[in-house]
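Have a look at the rings first, then read on.

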Amino acid sequence: MYSVQEIKSNIYWVGGSDRRLALFENLFPLPNGVAYNSYLILDEKTALLDTVDRSISQQYFENIAHVLGDRQLDYLIVNHMEPDHCANIEDIVRRYPNVKLVGNKKTFQFMEQFYEMDMTSHYLEVKEGDELPLGQRTLRFYTAPMVHWPEVMVTYEISDGILFSADAFGSFGAFSGNIFADEIDEFDVGEARRYYANIVGRYGAQVQALFKKLAGLKINMICSLHGPIWRGEQISFILDLYDKWSRYDPEKKGVVLVYASMYGNTENAVQVLANKLAQRGVRDMRMYDVSKTHASYIISDLWKYSHIVFASPTYNLHLYFNMDALLKDIGVLGLKNRKVSILGNHTWASAAMKSMKEQIEAMPQMELLGEPIDLRSTLKPEREPELDKLADVIAASVKEA
Ligand code: FEO
């Protein structure tokens, strides 16, 4: 049975949700599933914007058949060639043999890399700023390279000011019926941040470049490929957040304390430090065990807050592996503009503190705050003054940040 919603006159959401997938991109936990959005415009011509993941193909084709009725599909706009959106292109061409595939040069290069079927006769190549009239409505295309792949483009519907934004402004989370952000009860913006930081986070400069291209356009609705549709007051809300996230500006003053700990001794030192920060008036703190919480959640909060404490023991003469992996992930994502303090621990040979310090120093625009501390096995009372000093420096910095 079809399951569609009309989001504007003769524009239909024809996507769906997957609650069974455990890991997005086989990496990121999906406790609340994920939505794959696709949109179908009925005009003098018919145009479908992107397809969906293979997991919901059956629902998707029922949706399209219902909305089209006895009409043919004239265009498939391919804003993004990642398989969670392009998985059904071959099937679309088989079912609707007159369809034109609308993409840019890179789109078609990737199409040929992913597919065996020769679809060249269906290609309609567009360039920056090209327009495609559908009748009453006209679509305009803007390239958005590396938001999140190089072929990405966004499509702007001119008369109603609707931006079909590919991955940009997306979120994890399946739908529970409501597909507009303003209709979802207690929409968890943390899942939009976790999506941004982990999927698009590396490409802040490219997001800023897209913002420049879109400046001056009247945008009344943003239709992403994942997560809710943004409209009304929600538009400036999500645009403001994206502006901050892509500039690597923290949303909030606060401290994220991330520790690795085998037997609880490094954890204890972090608890003591957090306690001292609280007593110095610091609020908004988050604490994570790097072996317990998936890195994507930690990274999401690192994008949110202004200060970070990393604490880890030495393991096999290296930095404890889970902490090492987290720091490498952060380095690849290119997080910047945070104040970072370091707490190492070792029993007979020290490596963790040095490794954390070197990795942070190698990241651009990361400021080391306070003197790194290297404990020996446990926090002893004679080392407490060092923690007090570190707490003083962090608390003062949070207050001025
Ligand atoms: Fe949801 Fe970059 O694909």
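**Notes on the aromatic rings**

1. Start with a charge over a ring: the charged end of Lys-336 sits over the ring of Tyr-248, 4.4 Å from its centre. Keep in mind that this is a predicted model.

2. How many aromatic pairs does the structure hold? The count is 20. One of them joins Phe-28 and Phe-172, a tilted pair with 6.5 Å centre to centre and 35° between the planes. Phe-28 lies in strand S5 (residues 28–29) and Phe-172 in the loop between strand S15 (162–164) and helix H5 (189–200), so this pair ties together parts that are 144 residues apart in sequence. Both Phe-28 and Phe-172 are buried.

3. Now look at Tyr-196 and Trp-303, which form an edge-to-face pair: 6.4 Å centre to centre, with 75° between the planes. Tyr-196 is in helix H5 and Trp-303 in helix H9 (residues 295–304), so the pair ties together parts that are 107 residues apart in sequence.

4. Are the two partners of that pair buried or exposed? Tyr-196 counts as buried because its relative accessibility is 0%, and buried means under 20%. Trp-303 is buried too, with a relative accessible area of 1%.

Methods: Residues are numbered from 1 along each chain as its sequence is written. This is a predicted model: local features need pLDDT of at least 70, side-chain atom pairs count only at pLDDT 80 or more; totals for chains, interfaces and linings use all residues. Side-chain values use heavy atoms; hydrogens and water are left out. Rings of Phe, Tyr and Trp (its six-membered ring) pair if their centres lie within 6.5 Å; planes under 30 degrees apart count as stacked, over 60 as edge-to-face and the rest as tilted. Helices (H or I, at least four residues) and strands (E, at least two) are DSSP runs, numbered from the N terminus. Buried means under 20% relative accessible area, exposed over 50%, partly exposed in between (1.4 Å probe, protein chains only). A charge sits over a ring if NZ of Lys or CZ of Arg is within 6 Å of the ring centre and within 35 degrees of the ring normal.
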